[in-house]
Amino acid sequence: MTEDFARPVGGAHQIAATSRLFDVTAKVDADTPASLLAFAESIGAEIGFDPRRTDFLADRLNRQQRVDAGIDISKRQYNRRFRALTRLTAKTAKLAAEQRKRQLAVRARAGFAAELTLDRFRADPNAACFVAYYTAKRKLRREFTLSGRENPFDEIAELLFARCRREGNTDWWMIAQAYATPEVLDHLTDEQRGLLVGRWSAVLRATAEMLEKVWNSSEFDRQGMVVRRGNDSSTWNLLCGAYNAARAAWLSCLAASGATGLLDTVCPGKAMMLIAGDLAAWHKAAGSGPHPDTRVWAALPLPWEVLAGRAACTAADVRAACAAAAVDPERGGWTAPKPPGRVGTFRPTPELVHGVEVADPLWAMLLRSAGAFSGKPVKAGYAAELSAESGGHSHL
């Protein structure tokens with residue numbers, strides 16, 4: 001697993017090209033959209049360029065307008081500068097959108113844990129260990145399988161969480177940033193729960209707006225949610241993950257605050273991810289079709305329509321759609337926080353075993369024999385074997 005989510009490419013290339021044309025030395029933060037836009041506005045004043053008006057045919061100055069503005073360059077040079085500034089402005093908008101997508105990807109996998117300070121981590125090592133391990137498990141790449149994603153709350157996460165339960169001064173607010181379950185939220189104050197409701201609601205709306213733009217950019221197979229030509233499946237699935245994570249946390253916060261009555265007024269549904277055609281064919285060959293939640297998604301108004309107030313959808317509407325699709329609305333997480341699933345089985349990743357091998361080849365050998373590279377759960381009793389081989393010492 002890489003140490004960081006992929007970051008968007010900044011505007012260094014556009015800055016260099018524009019600086020050469022205008023013969024200036026730029027001191028611009030190429031990774032900050034606001035800095036790029038300020039540079040375009042500043043340097044564009046030389047040719048009367050407005051970043052809000054970048055159409056090459058409609059917004060350029062004609063010869064008389066250039067003379068009136070005191071622009072003493074040829075038409076060709078003016079056009080070159082106008083195009084360069086147009087590309088720089090477009091890069092600014094693209095960079096801002098990609099950075100928002102990256103932030104939502106982090107939200108989907110780690111909640112607000114990325115905003116926690118090092119001092120807060122150091123103040124409660126038990127809570128810090130749980131947050132770090134749990135978010136790392138959530139960031140693992142999905143596997144191409146019919147069985148679905150394995151629960152990131154595995155045996156190690158359960159062990160670390162049990163430590164937090166035993167401590168009397170656990171920093172539950174820190175845990176709630178990444179693991180907003182009813183049990184965790186019950187330890188918070190009303191003010192803290194209200195703050196989380198607001199933060200997750202804001203993420204929910206922002207993500208829904210971006211989903212709407214992707215949805216409107218091409219045609220989707222809403223009934224089966226199988227990828228079609230022209231669908232931006234990577235962006236759609238990334239945004240769906242962020243939206244559903246925000247929605248689940250939002251529902252948990254409402255339940256912990258005793259405010260689920262709000263769902264009788266507005267209850268946006270889940271967003272379904274797109275599935276690859278070969279995986280859909282695999283499901284069909286195995287005797288199963290689209291996930292039952294897909295039928296619920298197809299029967300309900302689009303979530304962004306509901307959140308924008310353009311369509312009505314209440315908890316009663318969601319329950320009716322779930323009943324028609326034979327889906328339990330509460331256990332499925334449609335109208336209530338989804339109940340905890342079966343604790344996942346701990347399975348060492350190749351990166352983990354490699355790290356162990358550097359420090360202790362014996363442990364690495366035992367982990368390999370336990371199934372670390374086989375794609376299968378580690379065999380029962382491996383922890384006892386490791387403990388025995390290491391002289392009974394365990395750091396878990």
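Reader: What should I know before we start?
Author: This is a predicted model in which local features need pLDDT of at least 70 and side-chain atom pairs count only at pLDDT 80 or more, while totals for chains, interfaces and linings use all residues. Residues are numbered from 1 along each chain as its sequence is written, and side-chain values use heavy atoms, with hydrogens and water left out.

Reader: What makes up the secondary structure of the protein chain?
Author: The protein chain has 18 helices and zero strands. Helices (H or I, at least four residues) and strands (E, at least two) are DSSP runs, numbered from the N terminus.

Reader: Why is Leu116 called buried?
Author: Buried means under 20% relative accessible area, exposed over 50%, and partly exposed in between, with a 1.4 Å probe and protein chains only. Leu116 has 17% relative accessibility, so Leu116 counts as buried. You will find Leu116 in the loop between α4 and α5 (118-123).

Reader: What is Leu116 in contact with, beyond its neighbours within four places in sequence?
Author: Leu116 is in contact with Phe121, Val131, Met174 and Gln177 once those neighbours are left aside; contact means heavy atoms within 4.5 Å.

Reader: How do you know that Asp154 is buried?
Author: The relative accessible area of Asp154 is 0%, so Asp154 is buried. Asp154 belongs to the loop between α6 (125-138) and α7 (155-166). Leaving aside neighbours within four places in sequence, Asp154 has contacts that include Tyr133, Lys137 and Phe346.

Reader: How much of the whole protein chain is buried?
Author: Of its 396 residues, 41% count as buried.

Reader: Why are α1 and α4 called roughly antiparallel?
Author: Axes are lines fitted to C-alpha atoms, for helices over the stretch in contact, and angles run from 0 to 180 degrees between N-to-C directions. Angles under 35 degrees count as roughly parallel, over 145 as roughly antiparallel, 65 to 115 as roughly perpendicular and the rest as oblique. The axes of α1 (residues 12-22) and α4 (residues 75-110) come within 10 Å and cross at roughly 155 degrees. The two helices are therefore roughly antiparallel to each other.

Reader: Which residues make that contact?
Author: On α1 they are Gln14, Ile15, Thr18, Leu21 and Phe22, and on α4 they are Arg80, Arg81, Ala84, Leu85, Arg87, Leu88 and Lys91.
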